[in-house]
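The sequence and structure are shown first.

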Amino acid sequence: MGNKEGGILRRDQLDEQAVARLGALLSSSLQPGDLITLSGTLGVGKSVMARAILRGLKVLDDIPSPTFTLVQHYPHAMIPAHHADLYRLQGGDDVLELGLEECLQEGILLVEWPERLGNINAISRLDIRLESAGDDMRHVVAMAQGSITQRLGSWPDLG
Ligand SMILES: Nc1ncnc2c1ncn2[C@@H]1O[C@H](COP(=O)(O)OP(=O)(O)O)[C@@H](O)[C@H]1O
Ligand SMILES: [Mg+2]
């Protein structure tokens, strides 16, 4: 992303294609152990971004919304990837049963509605927030912690 300060990255006024392009770019910086959280209101584009990241990781299968299964696994991606949507998560225990920490140990974990995640140990994480910016446009703000910060330092500008 162009304007990068101390692990905070920001892009304004992105249409859907630009959001997807950002996801694709991001995917090329990811490594096993990265936690990517996607926050923002219902319908803002968290799944659009998640799908673009997964496509960037060469997921060729359908990418269904994990709204009901809570987590979908993509073991055959370039790096094993896991996509969780915790919107329907009940109570605090469920998150342990989902095995998300194990997912992170061997691959990349994408989480929609991370507010419901509770504490999870991640050596490296990128917290992405999407905000509505009027007609079909979005602002994207991301905060990096851990080794992903350096890897994102070389993000090229979106064309
Ligand atoms: N700039 C944009 N970025 C992302 N999605 C957009 C944008 N403009 C319109 N949309 C639409 O908004 C919806 C986002 O849906 P989705 O990704 O499922 O949201 P969420 O997962 O946040 O609930 C899609 O229907 C998409 O076509
Ligand atoms: Mg979604």
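The sections below cover the model, the overall fold and the surroundings of the ligand.

## Model and numbering

This is a predicted model, in which local features need pLDDT of at least 70 and side-chain atom pairs count only at pLDDT 80 or more, while totals for chains, interfaces and linings use all residues. Residues are numbered from 1 along each chain as its sequence is written, and chains are lettered from A and ligands numbered from 1 in the order in which they are written.

## Overall fold

The protein contains five helices and eight strands, both taken as DSSP runs (helices H or I, at least four residues; strands E, at least two) numbered from the N terminus. Read from the N terminus, the order is β-β-α-β-α-β-β-α-α-β-β-β-α. The radius of gyration, taken over C-alpha atoms, is 15 Å, close to the 15 Å that the globule rule (2.2 Å times the number of residues to the power 0.38) gives for 159 residues, so the protein is as compact as a globular protein of that length.

Along the principal axes, the C-alpha atoms fill a box of roughly 40 × 30 × 30 Å. Of the 159 residues, 36% count as buried, meaning that 20 or more other C-beta atoms, placed from the backbone, lie within 10 Å of the residue's own.

## Surroundings of ligand 1

Ligand 1 is surrounded by 16 residues, each with its C-beta atom, placed from the backbone, within 6 Å of the ligand. The closest are Glu16, Gly45, Lys46, Ser47 and Asp136.

Helices α1 (16-27) and α2 (46-56) each supply at least two residues of this shell. The largest share, three residues, comes from α2.

Technical notes: Buried ≥ 20, exposed ≤ 12 C-beta atoms within 10 Å, placed from the backbone.
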